[in-house]
Amino acid sequence: MQQQVRGFIQMRTNLKVVDNSGAKRVMCIQAMKGRKGARLGDTIIASVKEAQPRGKVKKGDVVYGVVVRAAMQRGRCDGSEIKFDDNAVVLVNKQGEPIGTRVFGPVPHELRCKKHVKILTLAEHIA
């Protein structure tokens with residue numbers, strides 16, 4: 001059985017939204033930095049593909065998001081590696097402040113060194 005190679009979050013990648021901003025699913029339009037794509041803690045520009053009625057964002061909106069879970073593994077300083085089952089984002093505004101008021105599911109503590117402390121304070125579980 002061949003294992004699927006998990007890569008960067010790049011253009012046209014579908015991501016789950018794990019906050020209560022109203023969006024359910026977004027598609028990455030562009031990774032903000034790096035030629036290959038986005039990893040944990042990076043900011044992306046995305047288009048809302050699925051949204052709840054009466055949410056803060058609507059279907060078709062172009063939004064900014066911070067990658068809080070990535071299927072691509074990332075090494076930690078202590079030698080361990082972290083990898084999630086899905087790709088997930090938290091929607092933020094241009095200043096980097098979260099649009100929603102709650103963040104669901106685990107969020108890695110690597111976001112602290114990427115200056116996304118606001119997301120960590122909203123998270124219910126820090127991995």
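1. R39, L40, A70, M72, Q73 and R74 line the largest cavity, which holds about 30 Å³ of space. A cavity is a set of points, on a 1 Å grid over the protein atoms alone, where a 1.4 Å probe fits but cannot get out, and lining residues have an atom within 4 Å of a point. The count by this rule is 1 cavity of 30 Å³ or more.

2. The model is predicted: local features need pLDDT of at least 70, side-chain atom pairs count only at pLDDT 80 or more, and totals for chains, interfaces and linings use all residues. Residues are numbered from 1 along each chain as its sequence is written, and side-chain values use heavy atoms, with hydrogens and water left out.

3. D19 is buried yet has no salt bridge, and the nearest side chain of opposite charge, K56, is 8.3 Å away. Buried means under 20% relative accessible area, exposed over 50%, and partly exposed in between (1.4 Å probe, protein chains only). A salt bridge requires a side-chain nitrogen of Lys or Arg within 4 Å of a carboxyl oxygen of Asp or Glu.

4. The side chains of D19 and S21 are joined by a polar contact of 2.8 Å. A polar atom of the D19 side chain also lies 3.1 Å from the backbone nitrogen of L91. Beyond its neighbours within four places in sequence, D19 is in contact (heavy atoms within 4.5 Å) with V90, L91, G100, R102, V103 and F104.

5. G96 is partly exposed, with a relative accessible area of 27%. The C-alpha atoms of G96 and G41 are separated by 12 Å, the two residues being 55 residues apart along the chain.

Technical notes. Lys, Arg positive; Asp, Glu negative; His and termini not counted. Polar contact = N/O pair within 3.5 Å; in protein donor to acceptor, adjacent residues only side chain to side chain. 1 Å grid on protein atoms, 1.4 Å probe; cavity = no way out; pocket = protein on both sides within 12 Å on 5 of 7 lines; lining within 4 Å. Points joined across faces, edges and corners; volume = space filled by probe spheres on them.
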